[in-house]
Amino acid sequence: AELSSAVQTELERLRVLLERSADESPNGGASVEEVLTRLVMLRVAAGANVELNVESDLRVAMPPAKLAQVVTNLLVNCSRHAPGANVRVRVERRAGKAWIEIADDGPGLGYGTATRAGGRGMPVSVRLLAEHGGVLYTPPVPRGCTVVIEVPLERQLDEVIRGPRSGERVPEMGAA
């Protein structure tokens with residue numbers, strides 16, 4: 001049993017490495033629509049009620065495998081803590097970031113319990129996002145549970161690193 005578990009773990013690690021090299025653009029970013037469409041399709045095929053509303057053409061400054069891991073962790077939490085609940089995944093561009101909201105209509109969580117309720121997945125997600133300039137938070141909602149992740153868009157991260165090109169207008173603070 002231990003050998004089987006070790007083999008499975010190694011195969012998964014290799015799969016992630018191969019997937020990452022196949023899916024990543026040269027600068028490591030991910031197409032949010034491609035990653036989330038694939039994850040939602042898998043959840044729906046498994047019988048979950050997940051709705052996706054994603055703004056097209058958003059590329060984040062985070063590798064696809066890592067974005068997929070974060071979103072998978074959150075979708076697993078929905079299944080675990082709100083089985084059978086309707087889940088909505090909504091994505092839009094806000095102030096140079098991809099704003100990804102995952103909400104369910106389950107029983108919800110008490111204030112300040114989101115990271116504890118998420119088990120190991122939530123701290124891992126927070127760490128992966130932080131490595132790429134992203135954040136995760138749980139805004140107060142009247143019903144269910146909502147988690148928001150924000151990840152810088154590829155172009156925005158490039159501008160922070162290198163600055164605007166010669167003659168390029170610098171966007172005002174808060175502008176998308």
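Modeller: Let us begin with valine 147, which has its place in strand S7; please keep in mind that this is a predicted model.

Biologist: Why is valine 147 called buried?

Modeller: A residue counts as buried when its relative accessible area is under 20%. Valine 147 has 8% relative accessibility, and therefore it counts as buried.

Biologist: Which residues does valine 147 touch, not counting residues up to four places away in sequence?

Modeller: Valine 147 touches Leu74, Ile100, Glu101, Ile102, Leu136, Tyr137 and Thr138 when those sequence neighbours are set aside. Valine 147 and isoleucine 102 are 45 residues apart in sequence, yet their C-alpha atoms are 5.4 Å apart in space. For the protein chain as a whole, among contacts with a separation of 6 or more, 69% join residues 24 or more positions apart.

Biologist: What makes a group of residues a nonpolar core, and which residues have the most contacts inside the largest one?

Modeller: The members must be buried residues of the nonpolar kinds, joined through side-chain atoms within 4.5 Å. The largest nonpolar core here has 33 residues, and those with the most contacts inside it are Val32, Val60, Leu67, Val89, Ile100, Ile102 and Ile149. At least two residues of this core come from each of helix H2 (32-45), strand S2 (50-54), helix H3 (64-81), strand S4 (87-94), strand S5 (97-104), helix H5 (121-131) and strand S7 (145-152). H3 gives the most, with seven residues. Isoleucine 149, for its part, touches residues including Leu67, Val70, Val71, Leu74, Ile100 and Leu129. In soluble globular proteins, nonpolar side chains tend to be buried together.

Biologist: How do you know which strands stand at the edges of the sheet?

Modeller: The sheet is open and has five strands in the order S2-S4-S5-S7-S6, with mixed pairing. S2 and strand S6 (135-137) each have a single partner strand, so one side of each is left without a neighbour in the sheet, and these two stand at the edges. From one strand to the next, the twist averages 15°.

Biologist: What makes S4 and S5 a pair, and in which sense do they run?

Modeller: Two strands pair if at least two bridges are found between them. S4 and S5 have eight bridges and pair in the antiparallel sense. One example is glutamate 92, whose bridge partner in S5 is tryptophan 99.

Biologist: Which helices lie against these strands, and at what angles?

Modeller: H2 packs on the sheet, where it touches S2, S4 and S5, and its direction makes about 170° with that of S2. H5 lies across S6 and S7, and it runs at about 145° to S6.

Biologist: Why is aspartate 57 called exposed, while alanine 95 is called partly exposed?

Modeller: The word exposed requires a relative accessible area over 50%, and partly exposed covers the range between that and the buried limit of 20%. Aspartate 57 has 69%, so it is exposed, whereas alanine 95 has 45%, so it is partly exposed. Aspartate 57 is found in the loop between S2 and strand S3 (59-60), and alanine 95 lies in the loop between S4 and S5.

Biologist: What is the phi of each of these two residues?

Modeller: Aspartate 57 has a positive phi of about 65° although it is not a glycine, and alanine 95, also not a glycine, has a positive phi of about 50°. Most residues other than glycine have a negative phi.

Terms used
Residues are numbered from 1 along each chain as its sequence is written. This is a predicted model: local features need pLDDT of at least 70, side-chain atom pairs count only at pLDDT 80 or more; totals for chains, interfaces and linings use all residues. Side-chain values use heavy atoms; hydrogens and water are left out. Buried means under 20% relative accessible area, exposed over 50%, partly exposed in between (1.4 Å probe, protein chains only). Helices (H or I, at least four residues) and strands (E, at least two) are DSSP runs, numbered from the N terminus. Contact means heavy atoms within 4.5 Å. Axes are lines fitted to C-alpha atoms, for helices over the stretch in contact, and angles run from 0 to 180 degrees between N-to-C directions.
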